[in-house]
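Please look through the sequence and the model shown here before reading on.

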There are 2 protein chains.
Amino acid sequence: MNNIETPVLSVDVILFKIKKKKLCVLLHKRETEPFKDAYALPGVAVRVNETLLMGAKRALFEKLNINFHKNLYLEQLATFDALYRDVRGRTVSVGYLGIDSSNKYTDENIIYKNIEDINKGSLPFDHNEIIETAVERLKGKMRYTNIAHKFLNSSFLIEELVELYKVVLNRNINLTNFRNKLLKIEMIEQKKILNEAVGKKGGRPPHLYSFTKNEIAFMDKDFLS
Amino acid sequence: MNNIETPVLSVDVILFKIKKKKLCVLLHKRETEPFKDAYALPGVAVRVNETLLMGAKRALFEKLNINFHKNLYLEQLATFDALYRDVRGRTVSVGYLGIDSSNKYTDENIIYKNIEDINKGSLPFDHNEIIETAVERLKGKMRYTNIAHKFLNSSFLIEELVELYKVVLNRNINLTNFRNKLLKIEMIEQKKILNEAVGKKGGRPPHLYSFTKNEIAFMDKDFLS
DNA sequence: GCAAAAGTGTTGTGACTACACCCATGG
DNA sequence: CCATGGGTGTAGTCACAACACTTTTGC
(Lines give C-alpha, C1' and ligand atoms only; values in the text may rest on other atoms or scores of the structure.)
Protein backbone atom coordinates (compact mmCIF):
# COMPACT_ATOMS: atom_id res chain seq x y z
CA MET A 1 0.00 0.00 0.00
CA ASN A 2 2.93 2.34 0.57
CA ASN A 3 3.28 3.21 -3.04
CA ILE A 4 1.07 6.20 -2.31
CA GLU A 5 2.90 9.44 -1.69
CA THR A 6 2.15 10.41 1.89
CA PRO A 7 3.68 12.76 4.44
CA VAL A 8 6.28 11.33 6.76
CA LEU A 9 4.86 10.73 10.22
CA SER A 10 6.86 11.49 13.34
CA VAL A 11 6.36 11.86 17.09
CA ASP A 12 7.82 14.48 19.38
CA VAL A 13 7.74 14.18 23.15
CA ILE A 14 7.27 17.09 25.52
CA LEU A 15 8.51 15.67 28.80
CA PHE A 16 7.70 17.82 31.80
CA LYS A 17 9.58 17.88 35.04
CA ILE A 18 9.76 20.18 38.01
CA LYS A 19 13.24 21.44 38.71
CA LYS A 20 14.12 24.09 41.25
CA LYS A 21 10.46 25.01 41.64
CA LYS A 22 10.15 25.65 37.93
CA LEU A 23 8.23 23.81 35.25
CA CYS A 24 10.72 22.51 32.71
CA VAL A 25 10.79 20.46 29.53
CA LEU A 26 13.57 18.12 28.59
CA LEU A 27 15.47 18.95 25.43
CA HIS A 28 18.37 17.15 23.82
CA LYS A 29 21.26 18.40 21.75
CA ARG A 30 20.74 17.39 18.13
CA GLU A 31 23.53 15.28 16.72
CA THR A 32 22.60 15.64 13.06
CA GLU A 33 21.58 18.28 10.57
CA PRO A 34 19.42 20.25 10.33
CA PHE A 35 19.90 22.31 13.49
CA LYS A 36 22.89 20.22 14.53
CA ASP A 37 23.95 21.04 18.11
CA ALA A 38 20.75 22.96 18.80
CA TYR A 39 18.50 21.81 21.61
CA ALA A 40 15.18 20.35 20.52
CA LEU A 41 12.38 18.06 21.59
CA PRO A 42 13.15 14.36 21.32
CA GLY A 43 11.43 12.90 18.27
CA VAL A 44 11.61 10.04 15.80
CA ALA A 45 9.96 9.00 12.57
CA VAL A 46 7.17 6.52 13.22
CA ARG A 47 7.74 3.03 11.87
CA VAL A 48 5.12 1.13 9.97
CA ASN A 49 4.83 -1.52 12.62
CA GLU A 50 4.73 0.63 15.74
CA THR A 51 2.05 2.75 17.36
CA LEU A 52 2.54 6.41 18.10
CA LEU A 53 2.98 5.61 21.78
CA MET A 54 5.67 3.08 20.95
CA GLY A 55 7.32 5.76 18.85
CA ALA A 56 7.16 8.24 21.69
CA LYS A 57 8.84 5.77 24.04
CA ARG A 58 11.47 5.07 21.43
CA ALA A 59 12.13 8.80 21.06
CA LEU A 60 12.71 9.03 24.79
CA PHE A 61 15.12 6.14 24.66
CA GLU A 62 17.03 7.09 21.53
CA LYS A 63 17.23 10.83 22.17
CA LEU A 64 17.17 11.20 25.95
CA ASN A 65 18.44 7.76 26.91
CA ILE A 66 15.40 7.28 29.13
CA ASN A 67 13.87 3.83 29.42
CA PHE A 68 10.13 3.77 29.81
CA HIS A 69 9.09 2.93 33.36
CA LYS A 70 5.99 2.96 35.47
CA ASN A 71 6.52 6.49 36.79
CA LEU A 72 6.57 7.91 33.30
CA TYR A 73 3.25 9.08 31.96
CA LEU A 74 2.52 9.76 28.29
CA GLU A 75 -0.61 11.00 26.56
CA GLN A 76 -1.31 12.17 23.06
CA LEU A 77 -1.33 15.93 22.75
CA ALA A 78 -2.06 17.06 19.20
CA THR A 79 -0.80 16.72 15.66
CA PHE A 80 1.26 19.42 14.01
CA ASP A 81 1.10 19.68 10.29
CA ALA A 82 2.28 23.03 8.94
CA LEU A 83 3.50 22.47 5.38
CA TYR A 84 7.05 23.65 5.93
CA ARG A 85 7.55 22.77 9.57
CA ASP A 86 10.44 20.47 8.61
CA VAL A 87 12.96 21.73 6.11
CA ARG A 88 13.79 18.20 4.99
CA GLY A 89 10.37 17.55 3.51
CA ARG A 90 6.75 17.18 4.43
CA THR A 91 6.51 15.77 7.92
CA VAL A 92 3.49 15.62 10.18
CA SER A 93 4.30 15.19 13.84
CA VAL A 94 2.18 13.92 16.68
CA GLY A 95 3.10 15.48 20.01
CA TYR A 96 3.08 13.38 23.18
CA LEU A 97 2.83 15.07 26.54
CA GLY A 98 4.93 13.33 29.16
CA ILE A 99 5.42 13.65 32.89
CA ASP A 100 8.23 12.01 34.77
CA SER A 101 8.20 11.80 38.56
CA SER A 102 11.42 9.86 38.97
CA ASN A 103 14.80 11.30 39.80
CA LYS A 104 16.45 13.59 37.40
CA TYR A 105 18.66 12.40 34.62
CA THR A 106 22.18 13.60 34.23
CA ASP A 107 23.21 13.28 30.63
CA GLU A 108 25.42 15.90 29.11
CA ASN A 109 23.24 16.06 26.01
CA ILE A 110 20.06 16.73 27.98
CA ILE A 111 18.92 20.04 29.40
CA TYR A 112 15.97 21.03 31.53
CA LYS A 113 14.57 24.14 29.93
CA ASN A 114 12.45 26.39 32.10
CA ILE A 115 9.14 27.10 30.38
CA GLU A 116 9.33 30.78 31.12
CA ASP A 117 12.71 31.07 29.42
CA ILE A 118 11.60 29.41 26.21
CA ASN A 119 9.91 32.34 24.54
CA LYS A 120 13.17 34.20 24.63
CA GLY A 121 15.15 31.77 22.53
CA SER A 122 13.55 30.06 19.60
CA LEU A 123 13.74 26.31 19.19
CA PRO A 124 14.17 24.36 15.96
CA PHE A 125 11.22 23.44 13.76
CA ASP A 126 7.87 24.37 15.34
CA HIS A 127 8.93 23.14 18.75
CA ASN A 128 8.08 26.42 20.43
CA GLU A 129 4.50 26.07 19.26
CA ILE A 130 4.36 22.42 20.31
CA ILE A 131 5.58 23.23 23.79
CA GLU A 132 3.15 26.10 24.11
CA THR A 133 0.30 23.76 23.25
CA ALA A 134 1.56 21.22 25.75
CA VAL A 135 1.77 23.77 28.55
CA GLU A 136 -1.79 24.91 27.89
CA ARG A 137 -2.99 21.32 27.97
CA LEU A 138 -1.13 20.62 31.18
CA LYS A 139 -2.49 23.71 32.89
CA GLY A 140 -5.99 22.79 31.83
CA LYS A 141 -5.73 19.23 33.06
CA MET A 142 -4.39 20.37 36.40
CA ARG A 143 -7.68 22.18 36.94
CA TYR A 144 -10.13 19.35 36.41
CA THR A 145 -8.22 16.08 36.62
CA ASN A 146 -5.87 14.43 39.10
CA ILE A 147 -3.01 14.45 36.61
CA ALA A 148 -0.89 16.16 39.27
CA HIS A 149 -0.18 12.78 40.81
CA LYS A 150 2.05 11.97 37.84
CA PHE A 151 4.51 14.54 39.18
CA LEU A 152 4.59 13.14 42.72
CA ASN A 153 5.37 10.05 44.70
CA SER A 154 2.46 7.93 45.83
CA SER A 155 2.70 9.60 49.25
CA PHE A 156 3.32 13.29 49.57
CA LEU A 157 2.93 16.28 51.82
CA ILE A 158 0.15 18.72 51.16
CA GLU A 159 2.77 21.41 50.95
CA GLU A 160 4.39 19.59 48.01
CA LEU A 161 1.10 19.36 46.16
CA VAL A 162 0.30 23.03 46.62
CA GLU A 163 3.79 23.96 45.57
CA LEU A 164 3.33 21.90 42.39
CA TYR A 165 0.11 23.71 41.57
CA LYS A 166 1.68 27.08 42.22
CA VAL A 167 4.59 26.28 39.94
CA VAL A 168 2.57 24.87 37.06
CA LEU A 169 -0.27 27.40 37.14
CA ASN A 170 2.07 30.20 38.08
CA ARG A 171 -0.15 31.75 40.72
CA ASN A 172 -0.71 31.74 44.41
CA ILE A 173 -2.98 29.20 46.12
CA ASN A 174 -4.29 29.15 49.68
CA LEU A 175 -3.03 25.92 51.21
CA THR A 176 -5.76 25.53 53.80
CA ASN A 177 -8.70 25.91 51.47
CA PHE A 178 -6.96 23.90 48.76
CA ARG A 179 -6.55 20.93 51.08
CA ASN A 180 -10.12 21.12 52.31
CA LYS A 181 -11.44 21.25 48.77
CA LEU A 182 -9.44 18.31 47.47
CA LEU A 183 -10.38 16.25 50.51
CA LYS A 184 -14.03 17.07 50.04
CA ILE A 185 -14.12 16.06 46.39
CA GLU A 186 -12.15 12.98 47.42
CA MET A 187 -9.33 13.59 45.03
CA ILE A 188 -6.81 13.03 47.83
CA GLU A 189 -6.98 11.33 51.21
CA GLN A 190 -5.01 11.50 54.40
CA LYS A 191 -2.88 8.56 55.33
CA LYS A 192 -3.19 8.33 59.08
CA ILE A 193 0.51 7.78 59.52
CA LEU A 194 2.13 10.89 60.81
CA ASN A 195 5.53 11.61 59.48
CA GLU A 196 8.18 11.64 62.19
CA ALA A 197 11.44 11.24 60.37
CA VAL A 198 11.56 13.90 57.70
CA GLY A 199 14.37 15.81 59.31
CA LYS A 200 12.21 18.79 60.16
CA LYS A 201 13.59 21.36 62.55
CA GLY A 202 10.48 21.48 64.68
CA GLY A 203 6.80 22.07 64.54
CA ARG A 204 3.89 19.73 64.20
CA PRO A 205 4.70 16.85 61.86
CA PRO A 206 2.65 16.90 58.65
CA HIS A 207 0.27 14.22 57.44
CA LEU A 208 1.04 12.12 54.45
CA TYR A 209 -1.49 12.26 51.64
CA SER A 210 -2.16 10.12 48.61
CA PHE A 211 -4.45 10.34 45.62
CA THR A 212 -7.56 8.22 45.90
CA LYS A 213 -7.19 7.05 42.30
CA ASN A 214 -4.12 5.93 40.48
CA GLU A 215 -5.43 6.51 36.97
CA ILE A 216 -6.18 9.87 35.46
CA ALA A 217 -9.67 10.77 36.61
CA PHE A 218 -11.85 13.70 35.71
CA MET A 219 -13.32 15.63 38.61
CA ASP A 220 -16.88 16.84 38.30
CA LYS A 221 -15.85 20.41 37.82
CA ASP A 222 -12.91 22.71 37.65
CA PHE A 223 -11.89 22.64 41.33
CA LEU A 224 -9.80 25.77 41.41
CA SER A 225 -11.15 29.25 41.96
CA MET B 1 12.72 12.05 1.73
CA ASN B 2 9.82 9.74 1.01
CA ASN B 3 11.98 6.73 0.51
CA ILE B 4 11.48 6.04 4.21
CA GLU B 5 8.78 3.54 5.01
CA THR B 6 6.13 5.45 6.92
CA PRO B 7 2.48 4.88 7.81
CA VAL B 8 -0.09 6.29 5.43
CA LEU B 9 -1.69 9.42 6.84
CA SER B 10 -5.39 10.09 6.46
CA VAL B 11 -8.07 12.39 7.84
CA ASP B 12 -11.60 11.49 8.86
CA VAL B 13 -14.25 14.10 9.52
CA ILE B 14 -16.92 13.81 12.19
CA LEU B 15 -19.49 16.34 11.04
CA PHE B 16 -22.15 17.09 13.64
CA LYS B 17 -25.59 18.38 12.93
CA ILE B 18 -28.82 18.61 14.86
CA LYS B 19 -31.70 16.84 13.18
CA LYS B 20 -35.12 16.31 14.71
CA LYS B 21 -33.81 17.36 18.12
CA LYS B 22 -31.12 14.70 17.99
CA LEU B 23 -27.36 15.00 17.72
CA CYS B 24 -26.28 13.34 14.49
CA VAL B 25 -23.12 12.68 12.50
CA LEU B 26 -22.99 12.58 8.73
CA LEU B 27 -21.96 9.29 7.19
CA HIS B 28 -21.59 8.35 3.54
CA LYS B 29 -22.07 5.11 1.74
CA ARG B 30 -18.70 3.72 0.72
CA GLU B 31 -18.29 3.14 -2.99
CA THR B 32 -15.18 0.98 -2.81
CA GLU B 33 -13.82 -1.97 -0.92
CA PRO B 34 -13.24 -2.61 1.90
CA PHE B 35 -16.66 -2.19 3.50
CA LYS B 36 -18.24 -1.30 0.16
CA ASP B 37 -21.81 -0.02 0.61
CA ALA B 38 -21.36 0.35 4.35
CA TYR B 39 -21.82 3.80 5.91
CA ALA B 40 -18.68 5.38 7.25
CA LEU B 41 -17.07 8.69 8.15
CA PRO B 42 -15.83 10.72 5.19
CA GLY B 43 -12.06 10.46 4.94
CA VAL B 44 -9.20 10.75 2.50
CA ALA B 45 -5.49 10.08 2.42
CA VAL B 46 -3.52 13.23 3.09
CA ARG B 47 -1.46 14.52 0.18
CA VAL B 48 2.11 15.62 0.56
CA ASN B 49 1.30 19.20 -0.35
CA GLU B 50 -1.81 19.75 1.73
CA THR B 51 -2.41 20.40 5.42
CA LEU B 52 -4.67 18.20 7.49
CA LEU B 53 -7.35 20.88 7.43
CA MET B 54 -7.19 20.99 3.66
CA GLY B 55 -7.52 17.23 3.64
CA ALA B 56 -10.54 17.42 5.91
CA LYS B 57 -12.23 19.90 3.59
CA ARG B 58 -11.42 17.71 0.62
CA ALA B 59 -12.93 14.71 2.40
CA LEU B 60 -16.14 16.66 2.89
CA PHE B 61 -16.20 17.59 -0.77
CA GLU B 62 -15.24 14.24 -2.24
CA LYS B 63 -17.29 12.04 0.06
CA LEU B 64 -20.24 14.19 1.14
CA ASN B 65 -20.28 16.62 -1.78
CA ILE B 66 -20.14 19.53 0.67
CA ASN B 67 -18.20 22.62 -0.29
CA PHE B 68 -16.47 24.36 2.55
CA HIS B 69 -18.23 27.56 3.56
CA LYS B 70 -18.17 30.08 6.34
CA ASN B 71 -20.80 28.33 8.42
CA LEU B 72 -18.79 25.16 8.55
CA TYR B 73 -16.47 24.81 11.52
CA LEU B 74 -13.60 22.35 11.72
CA GLU B 75 -11.12 21.63 14.49
CA GLN B 76 -8.58 18.93 15.04
CA LEU B 77 -9.81 16.20 17.34
CA ALA B 78 -7.20 13.51 17.86
CA THR B 79 -5.07 11.02 15.99
CA PHE B 80 -6.00 7.37 15.79
CA ASP B 81 -3.22 4.90 15.29
CA ALA B 82 -4.13 1.36 16.22
CA LEU B 83 -1.89 -0.98 14.24
CA TYR B 84 -4.66 -2.82 12.44
CA ARG B 85 -7.31 -0.14 12.24
CA ASP B 86 -7.22 -0.31 8.44
CA VAL B 87 -7.19 -3.73 6.82
CA ARG B 88 -5.43 -2.36 3.74
CA GLY B 89 -2.23 -1.52 5.60
CA ARG B 90 -0.85 0.73 8.28
CA THR B 91 -2.79 3.94 8.28
CA VAL B 92 -2.82 6.64 10.93
CA SER B 93 -5.83 8.91 10.81
CA VAL B 94 -6.33 12.38 12.21
CA GLY B 95 -9.94 13.06 13.17
CA TYR B 96 -11.47 16.46 12.53
CA LEU B 97 -14.53 17.55 14.46
CA GLY B 98 -16.94 19.55 12.33
CA ILE B 99 -20.12 21.47 12.94
CA ASP B 100 -22.40 22.67 10.19
CA SER B 101 -25.13 25.21 10.87
CA SER B 102 -26.41 25.52 7.32
CA ASN B 103 -29.37 23.76 5.85
CA LYS B 104 -29.34 20.05 5.53
CA TYR B 105 -27.99 18.25 2.55
CA THR B 106 -30.03 15.83 0.59
CA ASP B 107 -27.78 13.38 -1.13
CA GLU B 108 -28.83 9.80 -1.47
CA ASN B 109 -25.41 8.57 -0.36
CA ILE B 110 -25.46 10.61 2.86
CA ILE B 111 -27.21 9.71 6.09
CA TYR B 112 -27.61 11.54 9.37
CA LYS B 113 -26.88 9.00 12.04
CA ASN B 114 -28.26 9.67 15.49
CA ILE B 115 -25.47 9.39 18.06
CA GLU B 116 -27.55 7.29 20.39
CA ASP B 117 -28.17 4.71 17.69
CA ILE B 118 -24.55 4.24 16.80
CA ASN B 119 -23.51 1.88 19.55
CA LYS B 120 -26.02 -0.61 18.31
CA GLY B 121 -24.58 -1.07 14.84
CA SER B 122 -20.86 -1.12 14.37
CA LEU B 123 -19.21 1.10 11.81
CA PRO B 124 -16.25 0.21 9.59
CA PHE B 125 -12.67 0.61 10.76
CA ASP B 126 -12.43 2.30 14.18
CA HIS B 127 -15.09 4.85 13.32
CA ASN B 128 -17.17 4.01 16.38
CA GLU B 129 -14.24 4.93 18.59
CA ILE B 130 -13.54 8.09 16.63
CA ILE B 131 -17.13 9.25 16.94
CA GLU B 132 -17.18 8.46 20.65
CA THR B 133 -14.08 10.61 21.12
CA ALA B 134 -15.66 13.41 19.11
CA VAL B 135 -18.86 13.35 21.13
CA GLU B 136 -16.92 13.57 24.38
CA ARG B 137 -14.92 16.50 23.04
CA LEU B 138 -18.05 18.25 21.89
CA LYS B 139 -19.81 17.78 25.21
CA GLY B 140 -16.78 19.08 27.02
CA LYS B 141 -16.45 22.18 24.86
CA MET B 142 -20.13 22.97 25.27
CA ARG B 143 -19.48 23.37 28.99
CA TYR B 144 -16.67 25.89 28.96
CA THR B 145 -16.56 27.50 25.50
CA ASN B 146 -19.03 29.25 23.21
CA ILE B 147 -18.71 26.54 20.56
CA ALA B 148 -22.50 26.25 20.60
CA HIS B 149 -22.71 29.21 18.26
CA LYS B 150 -21.35 27.05 15.46
CA PHE B 151 -24.67 25.18 15.49
CA LEU B 152 -26.83 28.31 15.31
CA ASN B 153 -27.50 31.35 13.20
CA SER B 154 -25.96 34.61 14.29
CA SER B 155 -29.29 35.54 15.87
CA PHE B 156 -31.33 33.03 17.78
CA LEU B 157 -33.97 32.58 20.42
CA ILE B 158 -32.95 31.60 23.91
CA GLU B 159 -35.23 28.63 23.58
CA GLU B 160 -33.19 27.39 20.60
CA LEU B 161 -29.97 27.66 22.55
CA VAL B 162 -31.33 25.78 25.54
CA GLU B 163 -32.76 23.13 23.29
CA LEU B 164 -29.34 22.70 21.67
CA TYR B 165 -27.71 22.22 25.05
CA LYS B 166 -30.36 19.75 26.12
CA VAL B 167 -29.88 17.71 22.96
CA VAL B 168 -26.10 17.66 22.99
CA LEU B 169 -25.63 17.10 26.71
CA ASN B 170 -28.68 14.88 26.92
CA ARG B 171 -30.07 16.36 30.11
CA ASN B 172 -32.52 18.91 31.28
CA ILE B 173 -31.60 22.56 31.76
CA ASN B 174 -33.54 25.34 33.44
CA LEU B 175 -34.10 28.00 30.80
CA THR B 176 -34.44 30.94 33.16
CA ASN B 177 -31.26 30.38 35.12
CA PHE B 178 -29.39 29.35 31.99
CA ARG B 179 -30.19 32.65 30.30
CA ASN B 180 -29.29 34.69 33.35
CA LYS B 181 -25.97 32.89 33.71
CA LEU B 182 -24.92 33.28 30.09
CA LEU B 183 -25.89 36.94 30.13
CA LYS B 184 -23.92 37.52 33.30
CA ILE B 185 -20.73 35.94 31.97
CA GLU B 186 -21.33 37.91 28.77
CA MET B 187 -21.30 34.89 26.53
CA ILE B 188 -24.51 36.05 24.88
CA GLU B 189 -26.28 39.37 24.64
CA GLN B 190 -29.81 40.50 23.92
CA LYS B 191 -30.48 42.24 20.67
CA LYS B 192 -33.06 44.85 21.51
CA ILE B 193 -35.18 44.00 18.53
CA LEU B 194 -38.18 42.04 19.54
CA ASN B 195 -39.27 39.43 17.13
CA GLU B 196 -42.72 40.07 15.71
CA ALA B 197 -42.95 37.90 12.65
CA VAL B 198 -42.07 34.41 13.72
CA GLY B 199 -45.55 33.07 13.16
CA LYS B 200 -46.22 32.39 16.80
CA LYS B 201 -49.76 31.70 17.90
CA GLY B 202 -49.68 34.14 20.76
CA GLY B 203 -47.77 35.07 23.82
CA ARG B 204 -45.11 37.64 24.41
CA PRO B 205 -42.65 37.79 21.52
CA PRO B 206 -39.16 36.60 22.43
CA HIS B 207 -35.94 38.55 22.28
CA LEU B 208 -33.30 37.76 19.77
CA TYR B 209 -29.90 36.88 21.18
CA SER B 210 -26.44 36.69 19.73
CA PHE B 211 -23.06 35.54 20.97
CA THR B 212 -20.80 38.36 22.02
CA LYS B 213 -17.83 36.75 20.27
CA ASN B 214 -17.66 35.17 16.88
CA GLU B 215 -14.56 33.10 17.49
CA ILE B 216 -14.34 30.16 19.83
CA ALA B 217 -13.70 31.63 23.27
CA PHE B 218 -13.01 29.93 26.57
CA MET B 219 -15.15 31.04 29.46
CA ASP B 220 -13.49 31.43 32.83
CA LYS B 221 -15.10 28.33 34.22
CA ASP B 222 -17.43 25.52 33.41
CA PHE B 223 -20.69 27.45 33.35
CA LEU B 224 -23.11 24.57 33.74
CA SER B 225 -24.18 23.11 37.07
C1' DG C 1 -59.96 40.29 29.60
C1' DC C 2 -57.96 35.78 29.34
C1' DA C 3 -54.61 32.45 27.91
C1' DA C 4 -50.05 31.75 26.40
C1' DA C 5 -45.31 32.48 26.07
C1' DA C 6 -41.31 35.10 27.71
C1' DG C 7 -38.72 37.46 30.99
C1' DT C 8 -37.72 39.29 35.95
C1' DG C 9 -37.27 39.08 40.85
C1' DT C 10 -36.68 36.73 45.23
C1' DT C 11 -35.40 33.61 48.63
C1' DG C 12 -33.34 29.83 50.87
C1' DT C 13 -29.36 26.95 50.44
C1' DG C 14 -24.85 25.79 49.79
C1' DA C 15 -20.06 26.74 48.67
C1' DC C 16 -15.87 29.50 48.92
C1' DT C 17 -12.37 32.97 50.95
C1' DA C 18 -10.01 34.68 54.45
C1' DC C 19 -8.38 34.37 58.72
C1' DA C 20 -8.28 33.36 63.56
C1' DC C 21 -7.46 29.70 66.49
C1' DC C 22 -5.83 25.15 68.05
C1' DC C 23 -2.47 21.10 67.92
C1' DA C 24 1.88 18.50 67.99
C1' DT C 25 6.47 18.49 68.01
C1' DG C 26 11.83 19.99 69.05
C1' DG C 27 14.71 22.12 71.91
C1' DC D 1 7.15 26.09 77.96
C1' DC D 2 8.15 28.63 73.96
C1' DA D 3 8.87 28.75 69.05
C1' DT D 4 7.57 26.63 64.84
C1' DG D 5 5.00 24.84 61.41
C1' DG D 6 0.64 22.01 60.42
C1' DG D 7 -4.28 21.48 60.80
C1' DT D 8 -9.20 22.89 62.11
C1' DG D 9 -13.11 25.86 62.61
C1' DT D 10 -15.93 29.79 61.46
C1' DA D 11 -18.11 33.81 59.71
C1' DG D 12 -19.08 36.84 56.09
C1' DT D 13 -19.78 36.84 51.26
C1' DC D 14 -21.13 35.20 46.98
C1' DA D 15 -23.36 32.38 43.72
C1' DC D 16 -26.96 29.37 42.35
C1' DA D 17 -31.51 26.51 41.86
C1' DA D 18 -36.06 26.77 42.23
C1' DC D 19 -40.07 29.00 41.63
C1' DA D 20 -43.36 32.69 42.01
C1' DC D 21 -44.52 36.79 39.77
C1' DT D 22 -44.85 40.19 36.06
C1' DT D 23 -44.89 41.63 31.16
C1' DT D 24 -46.39 41.45 26.43
C1' DT D 25 -48.63 39.69 23.00
C1' DG D 26 -53.01 37.13 20.09
C1' DC D 27 -57.62 36.34 20.10
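## Where the protein meets DNA

A side-chain N or O atom of Ser225(A) lies 3.4 Å from a phosphate oxygen of DNA strand C, which is a polar contact in the sense used here (a pair of N or O atoms within 3.5 Å; within protein, one must be able to donate a hydrogen and the other to accept it, and residues adjacent in sequence count only if both atoms are side-chain atoms). The elements that give two or more residues to the surface near this strand are α5 (175-184) of chain A, together with α5 (175-184) and β9 (207-211) of chain B. Helices (H or I, at least four residues) and strands (E, at least two) are DSSP runs, numbered from the N terminus.

This is a predicted model, in which local features need pLDDT of at least 70 and side-chain atom pairs count only at pLDDT 80 or more, while totals for chains, interfaces and linings use all residues. Residues are numbered from 1 along each chain as its sequence is written, chains are lettered from A and ligands numbered from 1 in the order in which they are written, and side-chain values use heavy atoms, with hydrogens and water left out.

A residue is called near a strand if one of its heavy atoms lies within 4 Å of it. Around DNA strand C there are 20 residues, and those that come nearest are Asn177(A), Lys184(A), Ser225(A), Arg179(B) and His207(B). The largest share of this surface, four residues, comes from α5(A). Sugar or phosphate accounts for 60% of the atoms of DNA strand C within 4 Å of the protein, and bases for the rest.

DNA strand D is surrounded by 19 residues, of which Gly203(A), Arg204(A), His207(A), Lys184(B) and Ser225(B) are the closest. Here the largest share, four residues, comes from α5(B). Of the atoms of DNA strand D within 4 Å of the protein, 58% belong to sugar or phosphate and the rest to bases.

| Residue | DNA atom | Distance |
|---|---|---|
| Lys181(A) | phosphate oxygen, DNA strand C | 2.9 Å |
| Lys184(A) | phosphate oxygen, DNA strand C | 2.8 Å |
| Arg204(A) | base nitrogen, DNA strand D | 2.9 Å |
| Asn177(B) | base nitrogen, DNA strand D | 2.8 Å |
| Lys181(B) | phosphate oxygen, DNA strand D | 3.0 Å |

At the start of α5(B), a side-chain oxygen of Asn174(B) comes within 2.9 Å of the backbone nitrogen of Thr176(B). After α5(B) comes Glu186(B), with a positive phi near 60 degrees.

## Chain A as a whole

Chain A has five helices and nine strands, which follow one another along the sequence as β-β-β-β-α-β-β-β-α-α-α-α-β-β. Along its principal axes, the C-alpha trace of this chain spans about 65 × 35 × 30 Å. Of the 225 residues of chain A, 50% count as buried, a word that means under 20% relative accessible area, whereas exposed means over 50% and partly exposed lies in between (1.4 Å probe, protein chains only). If contact is taken as heavy atoms within 4.5 Å, then among contacts in chain A between residues at least 6 apart in sequence, 66% join residues at least 24 apart.
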